[in-house]
Amino acid sequence: MSTLKLTAETESLINNRAVGYSLEAPFYASQEIFDLDVEAIFAKHWLFSTTEAEIAEPGDFVTVDIGPHSVIILRDDDEEVRAFRNVCRHRGSRLLDSPCGSVGNLVCPYHQWTYRTDGSLIHAESQPPSFERDRFGLKPVHVRTVGGLVFICLGEEPPEDFDEVAGNIEPYLTPYDLRHAKVAHQVDLVEEGNWKLVMENNRECHHCDSAHPELITAYFPLFGYTADDVTPRLRPVFERYQAAAEDLGAACAASQFPRDTWYEPDTRITGFRVSHLPLDGEGSSFGPDGKPVCAKLMGSITQARFGDLSMHMQPNSWFHLLSDHAIVFRVLPVSPDKSIVRTTWLVHSDAVEGVDYDVDSLTSVWRTTNDQDRVLVAGTQCGVANPGYEPGPYSLVEDDVEAFANWYIGRLHKYVTS
Ligand code: FES
Ligand SMILES: [Fe+2]
């Protein structure tokens, strides 16, 4: 049940969305719908928030700000990952202001109420003898770790299908051992666009040929093609692709790595997609001609030519796991026309900067790609704010964009009508 009083116009937009078409302009520009997004999507669904590698040691924390919500995610003294509202139980001060760091205990900057890393209150000065400390522990937030990825849910009753989704994706993540990986680099990119434009842009590669020359060299230029579509000109590429796909299948079988594709982006509450694609050229990574960018392979991966394990999670994340590094992406909404995309590059914990990798080469393709996407998103935000905009039809190769929009509208509809 929405706590927001929605206008009839917004309700009508949700109820009458034209399937197969991009969303109406207010979904990208209206403050009312932005507030609804925070409440109905970000405060009710499981969100990818951080990696365990970022909170490797007891006391390590990150803070995550989503609209009015702020959450502390930390590893407690028993090495459990926990999440709490970033609010002191005395008079409400924000507890931690830094985006990340390490603490012994959590000490409020205002009057120094002090909490253990498990959230229990251990010190509150000048309270009467009748004061019951155990009534004033930090408010917990639901948190789950899956293969080294940390998800939170701000809702009181998190979507129950997460267990099933976690069970499906964990076997794909385990060989990469992200839990013990090392953060090689992290970039926060402010994008001048609604968070849904950022997500929609990620959910298709229709624009890749023209926008991402650095990225597409890693992939076979066969997006949207089936065997029947392959022209004589593309036949050699297709045969190269088939050979690489067979090699990848054999590499997966040899290491008992699951090979199935999962495609459930809009048919469940915790929408997700997993696919494992062979890469072109040398076929190892995002280096020039498909070459590796880190000399140490991830986790228990033994073959450099291990493709790109690509995973999408609704509403706010995507992941590329390669034999030599992993890249994780998280989108958070800031305002109707602003979002923050966090990109984190992970390598094997023993990989040494300057010896096994250098940050420039490791991050080059996706720093460039993200910046190209930033321009596309900003241009689309300008376009949808133009009174001349009207929703246009998705193409045959934009099925993941459409699935994202269908999932989003479905979740809003469920929220406002239940
Ligand atoms: S508000 Fe935190 S100690 Fe007073
Ligand atoms: Fe892109």
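This note walks through salt bridges, selected residues, cavities and a pocket in the predicted model above.

1. **Ground rules.** Because this is a predicted model, local features need pLDDT of at least 70 and side-chain atom pairs count only at pLDDT 80 or more, while totals for chains, interfaces and linings use all residues. Residues are numbered from 1 along each chain as its sequence is written, chains are lettered from A and ligands numbered from 1 in the order in which they are written, and side-chain values use heavy atoms, with hydrogens and water left out.

2. **Salt bridges around Arg268.** The whole structure holds 18 salt bridges (a side-chain nitrogen of Lys or Arg within 4 Å of a carboxyl oxygen of Asp or Glu). In one of them Asp161 pairs with Arg268 at 3.0 Å, N to O. This pair links distant parts of the chain, 107 residues apart: Asp161 sits in the loop between strand S10 (149-153) and helix H4 (162-173), and Arg268 in the loop between strand S12 (262-264) and strand S13 (272-277). Helices (H or I, at least four residues) and strands (E, at least two) are DSSP runs, numbered from the N terminus. Glu164 also meets Arg268, at 3.4 Å, N to O. Glu164 belongs to helix H4 and Arg268 to the loop between S12 and S13, so this bridge ties together parts 104 residues apart in sequence.

3. Arg268 has a relative accessibility of 14%, whereas Glu164 is partly exposed at 49%.

4. Asp360 forms a salt bridge with Arg367, with the closest N and O atoms 3.6 Å apart. Asp360 is exposed at 54% relative accessible area, and Arg367 is partly exposed at 33%. As for shared partners, salt bridges join Asp161, Glu164, Glu264 and Arg268 into one network.

5. **Glu191, one to look at.** Glu191 lies in strand S11 (residues 182-191). Not counting residues up to four places away in sequence, Glu191 touches Val198, Asp337, Lys338, Ser339, Val341, Asn370, Asp373, Arg374 and Val377 (contact means heavy atoms within 4.5 Å).

6. Ile409, in helix H10, is buried at 9% relative accessibility. Beyond its neighbours within four places in sequence, Ile409 contacts Ile14, Arg17, Leu23 and Phe27. Pro387, in the loop between H9 and helix H10 (399-417), is exposed at 82%.

7. **Cavities.** Rolling a probe the size of a water molecule over the atoms shows where empty space is left. On a 1 Å grid over the protein atoms alone, a cavity is a set of points where a 1.4 Å probe fits but cannot get out; a pocket is an open set with protein on both sides within 12 Å along at least five of seven lines, and lining residues have an atom within 4 Å of a point. Grid points are joined across faces, edges and corners, and a volume is the space filled by probe spheres set on the points. There are two cavities of 30 Å³ or more. The largest cavity has a volume of about 60 Å³, and its lining includes Asp247, Arg305 and Phe306. The second largest cavity holds about 30 Å³; strand S1 (47-51), strand S16 (326-335) and strand S17 (338-347) each supply at least two of its lining residues.

8. **Second largest pocket.** This pocket has about 360 Å³ of space. Of its 19 lining residues, Leu197, Glu200, Glu204, Thr380 and Glu398 are the closest to its centre. Helix H5 (195-202) and helix H9 (359-385) are the elements that give two or more residues to the lining, and H9 has the largest share, four residues. The lining divides into ten nonpolar, five polar and four charged residues (Ala, Val, Leu, Ile, Met, Phe, Trp, Tyr, Cys and Pro count as nonpolar, Asp, Glu, Lys and Arg as charged, and the others, Gly among them, as polar).

Notes. Buried means under 20% relative accessible area, exposed over 50%, partly exposed in between (1.4 Å probe, protein chains only).
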